[in-house]
Amino acid sequence: MNTPEKSFFAPARAWKYLTKKPVTVPMEDILITPREASDRYRGFHINDWEKCIGCGTCSKICPTDAITMIEFEELPDVEGSKPERPSIDYGRCSFCGLCVDICTTGSLQMTKEYLHISKDPNTFFFIPTEEGIHGIKKPLGYVRDEDSDLLDLEREEMEIDPPEIRKTSFIEMVKGFSKEQAVREASRCVGCSICEKTCPAHMNIADYIKDIYDDDLQTGLKDLYKTNPLPAVCGRMCTHKCETVCTIGHRGEPIAIRWLKRYIVDNVPQDKYPEILDQEVIKKANAKVAIVGAGPAGLSAAYFLSLMGYEITVYEEKNRPGGVLNYGGPSYRLPDTAFEQDVNYIKSLGVKIITNTKVGKDITLEELKAKNDVIFVSTGFNKGRKLPIEGSDHEKVFDSLTILEEMKNYVRGEGPKPYIPKSLVVIGGGNVAMDVARSMLRLQNLEYKKSEVHVLSLERNFDEMPADEDEIVEGKEEGVIFHPGWGPVKVIVENGELKGVLFRKCLEVFDENGRFNPKYDESNTITVNADMVVMTVGQAPDYSYLPEEIQKNMKIERGRIKTNEYGQVEGVPWLFAGGDIVHGPDIIHGVADGHKAAQGIDQYIMDKQLSK
Ligand SMILES: Cc1cc2nc3c(=O)[nH]c(=O)nc-3n(C[C@H](O)[C@H](O)[C@H](O)COP(=O)(O)OP(=O)(O)OC[C@H]3O[C@@H](n4cnc5c(N)ncnc54)[C@H](O)[C@@H]3O)c2cc1C
Ligand code: SF4
Ligand code: SF4
Ligand code: SF4
């Protein structure tokens with residue numbers, strides 16, 4: 001390329017500027033009269049700290065690595081958020097706005113403010129708050145386009161049998177994700193781990209979702225088994241509290257964490273578990289542990305203790321392991337194969353499960369103590385309860401667990417046909433009420449080709465009812481008739497025959513202190529005709545297997561045993577407890593308790609060995 005030749009005197013021309021006035025605009029002038037930026041200007045950030053949850057998604061997307069998450073001690077470390085907030089290095093920021101586009105809560109925004117002049121480089125590291133960079137609120141500049149989103153806010157739809165099929169079927173109704181669905185659902189997760197604090201077992205949720213995205217289900221299975229030996233059961237039945245805090249739920253539908261867990265276990269062959277998990281047993285001491293009750297808590301403790309090399313024997317009163325869900329949880333929600341899948345692997349680790357053996361009747365606790373170093377009790381809340389109202393002693397008035405067990409045994413082909421009423425009244429508004437109502441509705445449809453199931457609860461509307469929304473919606477679709485806001489007065493019995501239940505209007509369930517203290521309008525009553533009534537008003541524990549001597553030394557408050565953080569029973573150091581009899585109220589709390597207790601038992605045994 002030809003360039004013009006430079007004159008020999010060219011450098012000297014610069015000297016002429018020595019006599020000219022400088023054109024630099026003084027800093028003060030600019031600060032006093034800055035020009036208004038255009039409407040969608042990408043200026044300095046602001047961040048609403050009340051809204052921001054510290055998920056760090058803004059930091060992950062930033063193409064110039066300008067965002068660092070900073071931890072703040074003064075921020076509350078609560079479920080659903082991290083005590084961190086983004087700081088921005090304006091030496092790096094290219095003002096692309098991607099962080100604003102992706103912000104999961106919409107807390108991070110950009111203003112029209114564009115001037116910052118300082119000799120101090122530290123002032124270019126800025127932690128945005130609701131105030132702008134100079135402590136003055138400035139108008140918003142660029143805002144995210146509401147029609148396009150970097151996050152995928154819609155959940156992958158789960159295939160479920162239609163109501164016409166469901167209402168006569170006990171076959172599992174939720175079909176599970178296909179590979180395409182699971183990968184797409186996994187791709188919505190931003191990997192922030194915020195959900196993990198809320199999961200009682202603190203499962204490695206972000207990791208196993210990433211494994212699904214990477215199509216690496218073997219690593220996914222390993223990640224599940226780090227904290228939860230009942231993934232097939234939890235993948236179907238977990239109360240999935242983690243999803244209530246999922247970061248994506250702030251602007252869209254939370255990630256289907258529970259269904260993704262199920263996808264992994266549905267797609268890894270059971271016979272490959274030992275080879276894939278390849279778990280090393282680290283034997284520290286020769287010691288034996290007896291576990292009473294093969295529910296989620298007992299099975300979880302058995303799994304973790306067996307990995308520590310202890311000899312484990314589980315004693316179970318019923319004919320199968322699994323706990324109350326084994327005989328109470330309806331098969332359309334939880335097929336037997338799910339429990340078998342989880343239990344088979346636990347057994348493969350050498351755990352001995354002795355069924356049909358009730359401790360306190362077939363073998364005493366003292367006998368167990370003589371044969372073992374430690375006992376872990378996880379006997380659940382297995383006694384059904386009835387309300388002490390007139391007529392509740394009638395033979396067609398059942399507690400929830402008795403009727404659920406009868407129905408399940410019949411459906412399994414292991415018991416006689418239960419009495420199938422033409423009209424059923426279910427008292428209660430929780431998930432157990434839904435299980436009773438929906439199971440009996442299926443039997444009615446199979447028997448009479450029609451159904452009549454009434455669910456009456458104190459709670460005055462569906463929002464107040466403790467049952468899951470899905471359960472209510474699906475129950476309605478199947479034909480369950482709901483009557484929210486009614487409390488039972490008496491069961492009507494005429495000439496020994498059950499006729500129905502008299503209810504009065506419930507005005508309020510809880511008092512101003514949040515205590516259960518229902519108030520009624522006695523003048524407003526209804527009668528619902530029925531030839532069977534089921535009361536789903538909670539369950540109670542049965543501690544008759546614990547000798548009086550032991551019960552005297554321990555504390556039981558409102559039916560629950562007092563333990564330390566690791567399940568060690570206060571006053572009886574060789575006795576550990578977990579699950580519903582300590583915490584409840586669900587499977588995953590039982591799994592978490594079993595894990596904690598295994599750590600506590602290991603420590604107890606180690607301490608004892610050292611002191612020998
Ligand atoms: C109908 C119903 C539906 C439910 N649905 C859900 C759900 O969808 N999701 C969820 O997360 N949770 C659900 N739950 C709650 C959940 O089942 C419990 O929280 C969980 O099973 C508690 O586990 P656990 O190990 O403490 O006790 P349990 O599961 O109750 O297990 C205790 C075991 O101990 C055995 N046992 C008792 N006494 C003795 C003895 N003396 N000797 C030997 N064995 C004994 C019992 O037979 C039982 O198998 C439901 C509960 C019910 C009743
Ligand atoms: S505007 Fe772009 S470069 Fe600046 S912090 Fe946000 S994502 Fe990073
Ligand atoms: S993405 Fe939004 S909510 Fe998450 S840390 Fe960043 S600013 Fe806060
Ligand atoms: S499931 Fe939700 S909360 Fe959990 S890691 Fe993924 S996006 Fe974050």
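Which domains does the domain assignment give for the protein chain? In this predicted model, domain 1 spans 26–126 and domain 2 spans 170–276. Domain 3 is made of 279–381 + 559–610, and domain 4 covers 383–537. The centres of domain 1 and domain 4, taken over C-alpha atoms, lie 55 Å apart.

Turn to the ligands. Around ligand 2 sit His 45, Cys 62, Pro 63, Thr 64, Ile 67, Cys 93, Ser 94, Phe 95, Cys 96, Gly 97, Cys 99 and Met 110. By class, this shell around ligand 2 holds eight nonpolar residues, four polar and no charged. Ligand 3 has 15 residues around it. Those that come nearest are Cys 52, Cys 55, Cys 58, Cys 103 and Thr 105. The shell around ligand 3 counts eight nonpolar and seven polar residues, with no charged ones.

Now follow the chain to strand β13, residues 453–457. β13 pairs with strand β14, residues 481–484, in the parallel sense over four bridges. Within this pairing, Val 455 has Phe 482 in β14 as its bridge partner.

The aromatic rings come next. The structure holds 15 aromatic pairs. One of them is Phe 462 with Phe 482, edge-to-face, at 5.5 Å centre to centre and 85° between the planes. Phe 462 lies in the loop between β13 and α19, while Phe 482 belongs to strand β14, 20 residues apart. Phe 482 counts as buried because its relative accessible area is 13%, under the 20% cut-off. Phe 462 is partly exposed, at 31% relative accessibility. Elsewhere, ring pairs link Tyr 225, Tyr 273, Tyr 303, Phe 304 and Tyr 345 into a cluster.

Notes. Residues numbered from 1 in each chain as written. Chains lettered and ligands numbered in written order. Predicted model: local features only at pLDDT ≥ 70, side-chain atom pairs only at ≥ 80, totals over all residues. Heavy atoms only, no water. Near = heavy atom within 4 Å. Nonpolar A, V, L, I, M, F, W, Y, C, P; charged D, E, K, R; others polar. Domains from an automatic or database assignment. Pairing = 2+ DSSP bridges. Helix = DSSP H or I, 4+ residues; strand = E, 2+ residues; numbered from the N terminus. Phe/Tyr/Trp six-rings, centres within 6.5 Å; stacked < 30°, edge-to-face > 60°. Buried < 20%, exposed > 50% of the residue type's maximum accessible area, 1.4 Å probe, protein only.
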